[in-house]
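Thank you all for making the time this morning.

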Amino acid sequence: MVVCSVRRMTGRCVVNLVCFGNRAVTQMYGNSLRPIHTSVCNSSSQPKSGFKPEKVAVVTKTTRYEFEQQRYRYSGLSEEDLKQLLRMKGSSYSGLLERHNIHTNNVEHIVKSLRKEGIEVRVVKRGEYDKEVVRWADAIISAGGDGTMLLVASKVLSKDKPVVGVNTDPERSEGHLCLPVRYTRAFPEALEKLCRGEFRWLWRQRIRLHLEGTGINPTPVDLHEAQLSLEQHSQAHRITTMDSQRRTGTLYESFSKPSLLPIRSLNEIFIGESLSSRASYYEISVDDGPWEKQKSSGLSICTGTGSKAWSYNINKLAEQAVEQVLEIGRSQTGLDIPLNHEFIEKVTDEYNESLVFSPEDRRLFFSVREPIVNRVFSSSRQRGFASKVCVRSRCWDACMVVDGGTSFEFNDGAIATISMSEEDQLRTVVLEN
């Protein structure tokens, strides 16, 4: 954190930090200051003609109402029992049902609009969404929020298949990855614009994963449909490991060459121990550089799309921290640095905005969460851009999680190579509001 690093800085570096005004927001590597935001963007491409697919798959989210129903399905609970149970947990049955109906009505609106244009439609629940659905469709509509969009995108491996997100509950879901919320209820207008070519293609870069080494189980655990406890998560991985053992005759699979996983990450990859209070032990190499032993609270590697999500919250500064840094700079340099709220807010906002970069940027951004630094473990760079990141696990019960929804076992001996490829871009649509 900046607040810790400033104590080790020379007086000249503190002067640099506080004197540049708007340029004061920078990332520190040792005693040098480099801008954290040096995004290289490619402009979104304008379609040469309109776009009207023949077959569209509409993948719908599981509402909280549906989740609670499924959760207690095998307990024999009646609808009245469910109402009482939700009331005991402080949840509103009528509220959940209302949000469910809003989502359902908006999905029906999307489907009717598509069919009215003569488009063949398949409505698919999240749990039913698979490779066969992806192969069948000319385009896929994610009907839900950002979580549904991430799930839909993860299984689309071709950059030629468009994915469009529609926020089906705008009052409760942010929907950064979806069309502007007005198109939720005005979906026919969105279709007209697509058919007339009044939109832009946005090619979002994605992360690909190669696994090699020992201690590997390439069978993932799907976290999208289940709110798993730590024990349930570990048990799910044990089950997939036993299935792999029956299939291969070995406890763990070993890959002498990197094996490409059939999944792509739109937001981020997280690597760390399953138990969050346990330190994660691993080795990391950035852009084929030397391996470095690290202990931390885990490692995040994100895309430009994901730079607005978890990565942003890992790295952002609070106004309180900025104020304390400026106070130290003022006392160390004797400069008359303003400490009013407007200036502190301006510096904080500019720093935090510098953490966000273009979805089309072909670079990764890695963040080491709360690194432990001592005579054994180091962290020469707590964060930064890279083209490739390699991680060798030294963990006991760790996982590698893709976009918060797909978990791979990642224990001692496993090596992950995290990179980008032009062929993995996700084809999405930009419609003006």
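Let me begin with burial: a residue is called buried when its relative accessible area is under 20%, exposed when that area is over 50%, and partly exposed in between, with a 1.4 Å probe and protein chains only. Please keep in mind that this is a predicted model, in which local features need pLDDT of at least 70 and side-chain atom pairs count only at pLDDT 80 or more, while totals for chains, interfaces and linings use all residues. Residues are numbered from 1 along each chain as its sequence is written, and side-chain values use heavy atoms, with hydrogens and water left out.

With that in place, methionine 420 counts as buried, because its relative accessibility is 17%. Methionine 420 sits in strand E19, residues 414-420, where helices (H or I, at least four residues) and strands (E, at least two) are DSSP runs numbered from the N terminus. Which residues does methionine 420 contact, once its neighbours within four places in sequence are left aside? Taking contact to mean heavy atoms within 4.5 Å, the partners of methionine 420 include Gln205, Ile207, Thr303, Arg362, Leu364 and Ser387. For threonine 303, which is 117 residues away along the chain, the C-alpha separation from methionine 420 is 9.2 Å.

Stepping back to the whole protein, there are 13 helices and 20 strands, and 51% of the 433 residues are buried. Of the contacts between residues at least 6 apart in sequence, 74% join residues at least 24 apart. The accessible surface, computed by the Shrake-Rupley method with a 1.4 Å probe and, for residues, with only the protein chains shown counting as cover, comes to about 21100 Å², and carbon and sulfur atoms account for 48% of that surface.

Now to the charges. Side chains of opposite charge can pair when their charged atoms come close. A salt bridge here is a side-chain nitrogen of Lys or Arg within 4 Å of a carboxyl oxygen of Asp or Glu, and the structure holds 23 of them.

Glutamate 171, in turn, counts as exposed at 62% relative accessibility.

A local case is the salt bridge of glutamate 192 with arginine 196, whose closest N and O atoms are 3.6 Å apart. These two residues are separated by about one helical turn, because they stand four residues apart in helix H9, residues 187-196. Glutamate 192 is partly exposed at 41%, and arginine 196 is partly exposed at 49%.

Finally, a network of salt bridges links Arg208, Arg264, Glu423 and Asp424.
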